[in-house]
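Please look at the sequence and the structure below, and then read on.

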Amino acid sequence: MPPYPPSLIDRFMRWVQRLPVPYWATYFLLFVLQSSINHVIAWVDGWLPPFTFTQIILLFPLWQWGTLAAITYLNITSEAALSKFRSLLDCDQDAIEKMQYELTTMPRRGVILNGGLWVIVYIFLTWLSYDAFYVGYGLGMSSQVFLFLEGLICFAIASVIYYHSLRQLWLVNRIVQMVKRFNLFNLQPVYAFSQLTSRTGIAWMVLLGLTLLTFPLDLAKWLALAVLALQVLLAISAFVLPLRFVNLHLIAEKRKLLSKNSQRIEAALAQPHQRLDQNEFGEMELLHNAIDGLTDERDILAKIPTWPWKSSTLTGFLSAIVLPVVLLLIQIAIQKWLGS
């Protein structure tokens, strides 16, 4: 029996995954369909000339289906990460299956509360931007009603990516704390969850980058800058904080091994002096070889990394962080150049 029933969003995403086409293709088709409906309503309503297109109409469809695609991808990544990490866990199959269910399934109550909170935020933002957007862009009444309802649904559903990701990362932190000892000479399982934490941050930044391409900065430039700064901070926190426990334990394990090595080197170095004092030279060469071996061991230990991710994972994450920042700066520069 599952520990709790899945939310309706989880049921829908699993239904999409069972379709005979890739899940991302389904979400892309739904994005195209919703964007097309938005444009048709704008053409009929008259606020947009027939057969012309505008990027701002793509915003809600992008959030609606882009976030569900990202959540599905992160769920698949979490399953793969747990499969690689499980060799470090002293758990039976039932416990592993429970972890997998919790990583990929959101409690219904949490989803409802999260959606309700973001609906309130959306109503407040609509009130703030009514004159700038609804009036400033010349939307007719039917377009205003449709886009308001569309945004209401979008904020209620798409905002679940924050609840999903923060909850999933909290579960990752809880799982890694179940490990009793990390082996510095077997780091591949240790790196498993860094794929999930890095891709969570990357997913947020990709969605932000796409949002910046569709969001008109003239509506709220400073809001866009604030959201960018907050999103970068959240992405970095998502990547680093859930695995901080692993990092601390790898550091402790490395220090313990280096301490034992130093004690052995100290003991080995004392032996030649004793042999010299007693005029016993027969084992000097063996002692010399032992000291060389311990020195090599110390060098090997010193080079073992204690960050719970590969350097390639860190490079890919940092590249994703830079992308939306560059996009926003380019947009601001173009806007100033056109306005000058």
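Does glutamate 102 count as buried or exposed? At 11% relative accessibility, glutamate 102 counts as buried, where buried means under 20% relative accessible area, exposed means over 50%, and partly exposed lies in between, with a 1.4 Å probe and protein chains only.

## Basis of the model

The model is predicted, so local features need pLDDT of at least 70 and side-chain atom pairs count only at pLDDT 80 or more, while totals for chains, interfaces and linings use all residues. Residues are numbered from 1 along each chain as its sequence is written, and side-chain values use heavy atoms, with hydrogens and water left out.

## Overall make-up

The secondary structure comes to 12 helices and 0 strands; helices (H or I, at least four residues) and strands (E, at least two) are DSSP runs numbered from the N terminus. Of the 340 residues of the protein, 43% count as buried. The accessible surface comes to about 18,700 Å², of which 68% belongs to carbon and sulfur atoms; such areas come from the Shrake-Rupley method with a 1.4 Å probe, and for residues only the protein chains shown count as cover.

Among contacts in the protein with a separation of 6 or more, residues 24 or more positions apart account for 83%, a contact being heavy atoms within 4.5 Å.

## Salt bridges

Side chains of opposite charge can pair when their charged atoms come close. With a salt bridge taken as a side-chain nitrogen of Lys or Arg within 4 Å of a carboxyl oxygen of Asp or Glu, the count comes to 5 salt bridges. One of them joins arginine 174 to glutamate 102, with the closest N and O atoms 2.7 Å apart. This pair links distant parts of the chain, since arginine 174 lies in helix H7 (residues 160-176) and glutamate 102 in helix H4 (residues 93-104), 72 residues apart. Arginine 174 counts as partly exposed, at 36% relative accessibility.

Arg181, Glu253 and Lys256 are linked in a network of salt bridges. Between arginine 181 and glutamate 253, the closest N and O atoms are 2.7 Å apart. Arginine 181 lies in the loop between H7 and helix H8 (192-214) and glutamate 253 in helix H10 (residues 244-277), so this pair ties together parts that are 72 residues apart in sequence. Lysine 256 also forms a salt bridge with glutamate 253, the closest N and O atoms being 3.4 Å apart, and both residues lie in helix H10, 3 residues or about one turn of the helix apart. Glutamate 253 counts as buried at 6% relative accessibility, arginine 181 is partly exposed at 47%, and lysine 256 is partly exposed at 37%.

## A helix pair

The axes of helix H2 (residues 23-45) and helix H3 (residues 59-85) come within 8 Å and cross at roughly 170°; axes are lines fitted to C-alpha atoms, for helices over the stretch in contact, and angles run from 0 to 180 degrees between N-to-C directions. H2 and H3 are therefore roughly antiparallel to each other, a term for angles over 145 degrees. Residues of H2 including Tyr27, Leu30 and Phe31 meet residues of H3, among them Trp65, Leu68 and Tyr73.

## A nonpolar surface patch

Phe124, Leu125, Trp127 and Leu128 make a nonpolar surface patch of about 450 Å². Patches are made of residues with over 30% relative accessible area and no salt bridge, like charges being joined within 9 Å and nonpolar side chains (Val, Leu, Ile, Met, Phe, Trp, Tyr) within 5 Å. Tryptophan 127, which lies in helix H5 (residues 108-135), is exposed, with a relative accessible area of 62%.

Terms used. Angles under 35 degrees count as roughly parallel, over 145 as roughly antiparallel, 65 to 115 as roughly perpendicular and the rest as oblique.
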